[in-house]
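Let's take a walk through a protein model together. Have the chain in view and follow along as we go from one part to the next.

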Amino acid sequence: MEREAMEFDVMIVGGGPAGLAAAIRLRQLAAEKGQDIMVGLVEKGSEIGAHILSGAVMDPIGLDELMPDWKERGAPIDQPVTEDEFHFLWNERKATRIPNFLIPSPMHNDGNYIVSLGNVCRWLGEQAEAMEVNIFPGFPASEVIYEDGAVAGVITQDMGVGADGEPKPGHEPGYELRARYTIFAEGCRGHLAKELEQRFTLRRGVDPQHYGIGLKEIWRLGPEQHRPGLVVHTLGWPLDNRTGGGGFVYHFGDGLVAVGFVISLAYSNPYLSPFHEFQRWKHNPAVAASLAGGERIGYGARALNKGGLQSVPKLTFPGGMLIGCDAGLLNSAKIKGIHTAFKSGVLAAESVFEALSADQPAAELTDYETRLRDSWVFEELHRARNFEPGLKKMGTKLGAAFTFIDQNIFRGKMPFTWNAPKPDHATLVPADQASPIDYPAPDGKLSFDKLSSVYLSSTIHEEDQPNHLQLKDPEIPIGQNLPRYDEPAQRYCPAAVYEVVEEDGRKKFQINFTNCVHCKTCDIKDPAQNIHWVTPEGGGGPNYSNM
């Protein structure tokens with residue numbers, strides 16, 4: 001196929017905090033040194049921020065280092081944390097507040113801010129454009145260009161292809177965006193990063209990445225209910241002791257509350273539905289009281305990395321590197337990854353800039369990993385390295401006690417490192433060995449159904465296009481997953497994408513891809529690893545506001 005090509009010095013894939021930080025730092029360095037470096041950035045969302053979803057309580061250290069005058073520039077970061085609460089939920093009726101002195105030190109939020117990461121990224125996009133970064137929203141990078149064993153750029157998704165794979169009227173081939181170096185910042189479970197890990201054996205010698213699914217709603221409260229700056233975290237019910245996760249309630253903005261729930265995707269019961277666990281969690285009085293009289297105005301879901309240092313792959317390869325959540329740099333003991341994403345983007349940019357300034361630039365910039373290892377990012381992740389494996393080994397209650405000892409007494413310097421070698425897709429037990437879960441019907445006040453929730457995500461996909469949720473073997477869902485696991489896709493998906501329906505007296509696996517909120521849970525949790533998430537047509541997916 002004849003494609004138009006564009007040449008850049010650096011191409012960045014992904015308009016989240018890591019990718020935008022890399023773009024801004026490259027242009028800062030170019031201005032400081034009087035060099036002209038052409039930087040491009042592609043983003044699959046309809047605009048910068050459209051696909052960004054995070055809690056989010058942000059440690060400002062990464063942004064402080066990138067742009068010390070962010071306050072003067074008008075960054076939408078103006079709600080400092082004023083109160084920090086942690087509750088253990090015993091059951092649907094009972095909760096106990098945990099004294100702050102018993103909370104592991106990384107989870108304290110002094111000096112942090114409650115933000116909408118989507119709005120922060122929109123603002124960062126404006127800063128980057130003002131610095132002459134070429135930003136292309138609505139252009140998903142669908143393929144990697146390889147030449148002579150190295151990455152040479154990316155190809156964007158073709159537009160105007162029908163469900164039958166044939167070009168429609170108005171069809172436009174994707175662009176070849178060629179670059180001397182390509183920085184991948186796709187976020188958690190990037191589909192190109194997954195390919196790069198396999199091609200360059202980047203995961204050799206490290207643990208598999210581990211994941212959680214984060215579900216989030218935005219609520220609007222009246223002034224009598226709103227407590228700006230309040231951060232609440234919960235542990236315990238409705239999850240059992242062997243299933244990691246917990247909830248959060250963050251008060252910010254003009255009467256807004258971010259309400260969310262994270263569940264480890266290493267759960268074992270195939271009948272578990274993360275969406276429905278989230279909905280029933282809101283009925284505990286510790287949560288329900290804070291939402292009374294409020295209105296739900298937003299919904300979304302996204303996978304997040306939980307593996308920590310032992311799951312970080314090799315980050316460089318000829319022609320490129322991984323940063324941010326593509327690299328797996330979230331600090332799960334701190335429940336934060338925005339600051340590490342910023343820092344990784346800055347360090348990658350500095351490594352690339354130095355190479356571009358050299359007479360003979362190296363093909364693989366291994367010094368990026370050296371910079372990262374010498375930074376506070378590595379120090380943080382090393383201190384938190386036993387958090388996730390500890391929870392897996394000991395369960396929530398003993399794991400929480402171990403974390404307190406590890407972080408508050410030993411400061412993360414225990415003389416051992418635990419591993420978690422079992423991937424999340426391999427943790428389900430057969431359905432006949434599990435207990436079905438009877439989820440209550442939604443009440444329309446605190447709890448809701450999936451389809452009305454997807455509506456609030458403003459998710460849109462052109463229906464006449466190829467399905468971006470590809471089955472490697474279309475027989476596996478009904479022939480293998482249904483009898484063994486009661487096909488868990490119909491429950492782990494938070495957007496009603498997957499259904500088992502009856503057609504002509506036979507079971508059929510139905511994929512409603514237009515509902516997809518791009519959370520990547522199916523790509524992670526399918527026990528047969530049969531579902532492969534690829535990019536849909538540009539601009540498709542959610543259009544998040546205040547997420």
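First, some ground rules. This is a predicted model, so to speak of local features we need pLDDT of at least 70, side-chain atom pairs count only at pLDDT 80 or more, and totals for chains, interfaces and linings use all residues. Residues are numbered from 1 along each chain as its sequence is written, and side-chain values use heavy atoms, with hydrogens and water left out.

**The sheet**

Helices (H or I, at least four residues) and strands (E, at least two) are DSSP runs, numbered from the N terminus. Two strands pair if DSSP finds at least two bridges between them. In general, the strands of a sheet pair through backbone hydrogen bonds, either parallel or antiparallel.

Here, seven strands form an open sheet with mixed pairing, in the order β5-β4-β14-β15-β16-β13-β17. The edges belong to β5 (95-97) and β17 (295-305); each has a single partner strand, so one side of each is left without a neighbour in the sheet. On average, neighbouring strands of this sheet are turned by 20 degrees against each other, direction ignored. Such angles come from axes, which are lines fitted to C-alpha atoms (for helices over the stretch in contact), and they run from 0 to 180 degrees between N-to-C directions.

Now zoom in on β14. With β4 it pairs in the parallel sense over seven bridges, while five bridges join β14 to β15, and those two run antiparallel. On the β15 side, Val231 has Tyr250 as its bridge partner, and His233 has Phe248.

Buried means under 20% relative accessible area, exposed means over 50%, and partly exposed is in between (1.4 Å probe, protein chains only).

Strand β4 also holds His87, which is buried at a relative accessible area of 13%. Not counting residues up to four places away in sequence, His87 touches Thr96, Arg97, Ile98, Val232, His233, Thr234 and Leu235; contact means heavy atoms within 4.5 Å.

**A buried helix**

Helix α1 (residues 17-33) has 17 residues and reaches 24 Å from its first C-alpha to its last, close to the 24 Å expected at 1.5 Å a residue. That expected span is 1.5 Å times one less than the number of residues. Of the 17 residues of α1, 14 are buried, so the helix is largely enclosed by the rest of the structure. After α1 comes Gly34, with a positive phi near 70 degrees.

Most residues other than glycine have a negative phi, and most peptide bonds are trans.

| Site | Feature | Value |
|---|---|---|
| Gly55 and Ala56 | cis peptide bond | omega about -5 degrees |
| Trp237 and Pro238 | cis peptide bond | omega about 10 degrees |
| Ser458 | positive phi | near 55 degrees |
| Asn546 | positive phi | about 65 degrees |

Where do they sit? Ala56 is in the loop between β2 (39-43) and β3 (57-58), and Pro238 is in the loop between β14 (230-236) and β15 (245-252). Ser458 is in the loop between α12 (450-456) and β20 (469-471), and at 36% relative accessibility it counts as partly exposed. Asn546 is in the segment after β23 (531-533); with a relative accessible area of 23%, Asn546 is partly exposed as well.

**A pocket**

A pocket, on a 1 Å grid over the protein atoms alone, is an open set of points where a 1.4 Å probe fits, with protein on both sides within 12 Å along at least five of seven lines; lining residues have an atom within 4 Å of a point.

The second largest pocket is lined by 25 residues, of which Arg189, Lys194, Glu197, Arg203 and Tyr211 lie nearest its centre. The elements giving two or more residues to this lining are α4 (191-199), α7 (324-327) and α15 (521-525). Which element gives the largest share of the lining? That is α4, with four residues.
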